Structures are given as C-alpha cells and as structure tokens.
Amino acid sequence: MRINLLDCFGKTAADGPGETAVVHKTESITFGDLQARAQKLANQILDQAGDVINTPVAVFLPKEIGTVVADLGILYSANPFMNLDVKTPQDRIRNIIQLVRPCAVITSSRFVKKLDGIELPVILMDGPDLPVGEGGWNLRARRERLIDTDPLCLINTSGSTGTPKGVVLNHRSFFDFMDWSIGEFSLDGSETIGSLSPVVFDIFDFELCLMMMRGATIVLLDASLASFPARLLETLHENHVNFIFWVPSIMVNIANMDLFTKMRPPALKLVWFAGEVFPTKPFLYWYDNMPDTTFVNLYGPIEITLDCTFHVVKDRPDEDKPLPIGVPCRNTDILILNEEDELCKTGEEGELCVRGTSLAMGYYNNAEKTNAAFVQNPLNRSYPELIYRTGDIVCRDENALIQFRGRKDSLVKHMGYRIELGEIEHVIINELGLVKYCCAVYQFDKKEIILYYEKAEEISGAEFRKMLMKKFPAYMIPAVYIRMDLLPRNTNGKIDRLLLKNKINEVNGDGKDSFDAGGNSSGA
C-alpha cells in the first residue's frame with residue numbers, strides 16, 4: 001500500500017543515488033544528496049517549529065535547487081509545503097500568512113526583509129551546507145503516523161475578497177494522477193523535464209512527483225527565459241530536454257517569432273500544455289514543425305489535482321476550430337450539468353463538474369468557500385458524494401470530446417494563473433479607495449484584463465499601476481483602464497458585467513474606445 005510520496009522517493013534515491021535529480025543553470029544535485037539535505041532540513045524545521053504534524057510550512061524562495069530541497073524537507077518533517085512567490089507584494093504575502101498560519105517559513109537572507117512584521121519562525125537557507133538539527137527526530141516514525149489523505153501541499157489561488165484561497169491537495173490525489181499519467185504516456189524516469197512554471201503552480205508539483213516516483217530529472221528554467229524565447233529553446237537543447245509541461249503563452253510567442261527556423265529542440269518528444277486556451281493557429285506551428293512529438297492538451301482547475309481531462313492531438317486539427325479539452329482522465333468522472341442540475345445532452349452547454357479521487361480537500365481555514373465549491377452530487381441522493389463545480393461552461397460534441405466554451409462568472413485564466421476578477425475590484429474599491437465603482441473584465445483574444453471605473457476625473461494608467469503593484473503580482477495588473485461617468489447597471493441595479501464584457505469589442509488596439517461622451521481610456 002502506498003501512503004506517502006516520500007516512500008517512493010526513498011526507493012528512487014536508493015536505486016540511483018548518483019543520478020542527477022535537479023539542474024539549475026550550472027548547478028546540479030544528485031538524488032542521494034537531495035535526500036540527505038532534505039532530511040537535514042526536516043530536523044531544522046522540527047527544532048524550530050516543534051513537534052508539528054500536518055501543519056503547513058511556507059517556502060519563500062525563488063525557483064532554485066534550494067526550493068526543491070525545502071519542499072522535500074518539509075515533507076520529511078511530516079508536514080505539507082506551501083510555496084510562495086518572492087515577487088508577490090508584501091501585503092498579499094501577509095494576507096496569505098494570516099489566513100493559513102503556517103508553523104514556519106523557509107527563506108534566505110536575500111528575501112527575509114520582505115517578511116518583516118510577520119511573526120513566524122524563520123529558517124534561512126543560505127548555502128548548500130545545512131546544519132543538522134539537534135533534536136534527532138525519527139523522521140520515518142513521524143511519517144508512519146500519516147495516512148494518504150493527509151495534505152501534501154497548499155496552492156494559493158485568487159480570492160474574491162482580496163485574500164487568496166489555499167487549496168489543499170493530498171498524497172492520494174497525486175498518486176491517482178501520477179498513476180494515470182505514468183500509465184497513459186509510459187513515463188519511465190528517462191524524462192528530462194524543462195520546468196518553466198513558477199513554483200506556485202501545480203505543474204511544478206507534478207514535476208516534483210515525477211522526479212520522486214520515477215527518477216526523472218528536472219531542469220529548472222528561470223521565468224526570465226520566457227522573455228527570451230530563442231535562449232529558452234537553446235537551453236532545452238543544451239540540457240537534452242525531452243518533456244515539457246507549459247502554459248501556452250510562451251509557446252504562442254515561439255510560434256509568432258518563427259523560432260523553429262533557427263532552433264528546434266531535437267530531443268523534445270512529449271509536450272503537455274494547460275492553464276489557458278492554446279489558439280489553434282500557433283499550435284499548428286508546433287505540430288507541423290515537430291512531427292515526431294506527442295502533443296497533449298490538458299484541462300483542470302487547481303481544485304482538481306493537476307488536471308481532469310486530456311486530449312492527445314493525433315490528427316492535424318482544423319485551423320478554424322478550437323482544440324478540445326478531450327475526455328476524462330482515468331478514475332475521474334466529468335458531469336456537465338444544466339441550470340436545473342440535469343445532465344446535458346450532446347451539444348448542449350452546461351457547467352463542468354468533477355467527481356473522483358482527484359478532488360482537493362478544500363480551502364485551508366475557509367469552510368464557507370469550501371462548502372460553496374465542493375457540494376453534494378445532485379445526481380446522487382443515496383449517500384454523501386462531493387463534486388467540484390468549476391464554473392466553466394463546456395459541451396460534448398458528436399465525438400464525445402469535451403469542448404471548452406468559457407466562464408460562467410468572473411474567474412479567468414491569464415498567463416496560466418487563475419484570477420478572480422472580483423479580487424481586483426475589491427482591492428481597488430475597499431483597500432485602495434481609488435474609486436467607488438469599477439468592473440474588471442477579460443478580453444480573451446488579446447489576453448488582457450481591462451478595468452472599467454466610474455469617476456468624474458480620469459486616473460492615469462501609470463497611477464493605477466503604481467498603486468496596484470503594491471497589492472498584486474504583475475500578472476494581475478489590468479492592461480487598459482477605461483473611465484466612465486456612469487457604469488451601466490442592469491434591472492437589479494448591479495453593474496452590468498455582461499454589457500461591459502461585450503463592449504470590449506469596441507476597444508481597438510491603441511487602447512481607445514468608442515463610448516459615448518464621458519468615457520475615455522488609458523493603456524497600462
């Protein structure tokens with residue numbers, strides 16, 4: 001019986017202690033050294049935090065080998081890890097810490113000042129040689145106290161009240177997804193993963209699991225490489241990367257720049273993509289230029305461990321049609337429900353709902369949000385069975401493939417991050433007090449967040465940007481700001497979000513709009 005992912009890692013490290021586990025720039029670490037350093041760190045954590053178990057430990061480090069050591073060290077201490085983005089504004093970090101209340105935070109002297117005012121035990125990682133903890137903790141005995149539904153990690157996602165929600169994922173759900181992916185795609189440990197996703201993404205956690213379970217090598221790619229796609233391709237080539245799991249944005253840039261005429265990563269045999277829609281035309285650039293590569297479109301919100309549907313692109317798709325999100329992963333059931341909570345027929349649009357082992361445990365310290373999203377299966381009135389309502393509108397086509405249609409609320413995927421547009425509005429109105437009324441909408445074709453606001457005088461895009469950068473990471477900052485004397489209301493007196501969403505089509509490329517007098521705009 002498999003209970004804890006570290007049991008798999010122990011076997012992997014024992015079978016190949018000298019094999020390379022992680023590479024970052026010119027540095028690398030073997031499986032044996034990674035295990036030893038993680039166990040040393042686990043003792044440090046317990047020395048400082050005490051005999052805690054199943055209590056989150058935060059990691060406030062950039063994407064580097066030390067972050068992998070930290071995540072595994074936390075698991076060895078019998079606690080779940082919670083990776084934080086070092087670029088996140090201090091107020092947002094404080095909000096996360098106050099909600100989750102981790103027992104300690106692991107960081108380095110470079111970033112510790114950003115944690116000023118946060119009362120937590122701090123463990124500094126400033127080099128490869130970590131002191132051995134003094135407690136002499138029996139790590140194996142501690143791990144034997146755990147069960148497979150205990151949490152592996154927390155992933156923070158945008159929340160409508162201004163505080164991110166901590167999604168709790170357990171060991172069993174990761175085993176479930178890993179068993180499916182390993183079996184479906186014959187992943188055998190020969191994979192060299194080009195890891196481009198931030199450490200706060202669930203994709204990064206999948207890469208850790210593939211390393212622990214199968215002995216794959218992770219090549220950590222700095223986020224800055226996304227701004228230099230040619231250099232990114234060169235790095236894949238230099239490290240013999242044969243597997244990537246990316247958000248489509250950077251892949252679109254590579255296609256638009258026609259970079260395969262200069263460099264094609266010859267070892268790349270398996271390409272997964274998820275997190276947002278991959279437009280078909282730039283996808284075809286990859287498909288046509290890499291005929292020996294397998295391409296897989298995956299779909300799934302953070303509340304579903306990694307992903308819940310997939311589509312292997314076997315035949316060249318029609319340029320004018322979107323790629324389907326496919327069929328359910330094994331041991332996952334997809335329910336497409338109409339407004340009466342009845343199953344939709346073929347071609348009928350409805351909300352995608354998920355049931356199965358892959359479901360998250362809920363939101364940490366947030367019972368209200370958990371109960372609203374994880375609900376009783378309306379098709380089953382015989383015994384308790386939770387499903388997760390994604391809020392995504394889909395339909396099944398005549399070939400039984402699921403087609404994504406859009407969102408039913410204000411939740412969007414942008415640059416691979418899931419963003420609650422209501423959180424942007426909440427902060428602008430209630431925390432910053434910049435305006436009394438505003439509405440954030442998403443322009444899917446240009447992949448931009450647009451903010452409509454109600455105010456007598458215009459606020460410049462630069463001023464908005466300056467204030468919002470104190471509260472949000474860069475990916476949550478609107479690209480265009482449009483002032484209106486009066487935001488449109490519906491019959492209930494609420495801001496007419498749908499009407500504003502439709503007005504996006506009136507905004508042209510230079511950020512100007514064709515509203516009636518009293519409206520103007522400024523680009524970010």
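Guide: A residue counts as buried when its relative accessible area is under 20%, and as exposed when that value is over 50%. The model discussed here is predicted.

Visitor: How many aromatic pairs does a search of the whole structure find?

Guide: The search returns 29 aromatic pairs. One of them joins F283 and F295, with 5.5 Å from centre to centre and 85 degrees between the planes.

Visitor: Are F283 and F295 buried or exposed?

Guide: F283 has 0% relative accessibility, so it is buried. F295 also falls under the 20% limit, because its relative accessible area is 0%.

Visitor: What makes the pair of Y442 and F444 edge-to-face?

Guide: Their ring centres are 4.9 Å apart and the planes stand at 85 degrees; the angle is over 60 degrees, so the pair is edge-to-face.

Visitor: How do you know whether Y442 and F444 are buried or partly exposed?

Guide: Y442 has a relative accessible area of 4%, under the 20% limit, and is therefore buried. F444, at 40%, lies between the limits of 20% and 50%, so it is partly exposed.

Visitor: What makes K165 a charge over the face of Y363?

Guide: The distance limit is 6 Å from the ring centre, and the charge must also be within 35 degrees of the ring normal. K165 lies over the face of Y363, at 4.7 Å from the ring centre. R489 lies over the face of Y437, also at 4.7 Å.

Visitor: Why are strand 12 and strand 13 called a pair?

Guide: At least two bridges are required. Strand 12 and strand 13 share four bridges in the parallel sense, so they qualify as paired. Within strand 13, T294 is the bridge partner of L270. Helix 10 packs on the sheet, in contact with strand 11, strand 12 and strand 13, and its direction makes about 150 degrees with that of strand 13.

Visitor: What makes strand 2 and strand 15 edge strands?

Guide: The open sheet has nine strands in the order 2-1-10-9-11-12-13-14-15, with mixed pairing. Strand 2 (27-30) and strand 15 (327-328) each pair on one side only.

How values were computed
Residues are numbered from 1 along each chain as its sequence is written. This is a predicted model: local features need pLDDT of at least 70, side-chain atom pairs count only at pLDDT 80 or more; totals for chains, interfaces and linings use all residues. Side-chain values use heavy atoms; hydrogens and water are left out. Rings of Phe, Tyr and Trp (its six-membered ring) pair if their centres lie within 6.5 Å; planes under 30 degrees apart count as stacked, over 60 as edge-to-face and the rest as tilted. Buried means under 20% relative accessible area, exposed over 50%, partly exposed in between (1.4 Å probe, protein chains only). Helices (H or I, at least four residues) and strands (E, at least two) are DSSP runs, numbered from the N terminus. Contact means heavy atoms within 4.5 Å. Axes are lines fitted to C-alpha atoms, for helices over the stretch in contact, and angles run from 0 to 180 degrees between N-to-C directions.
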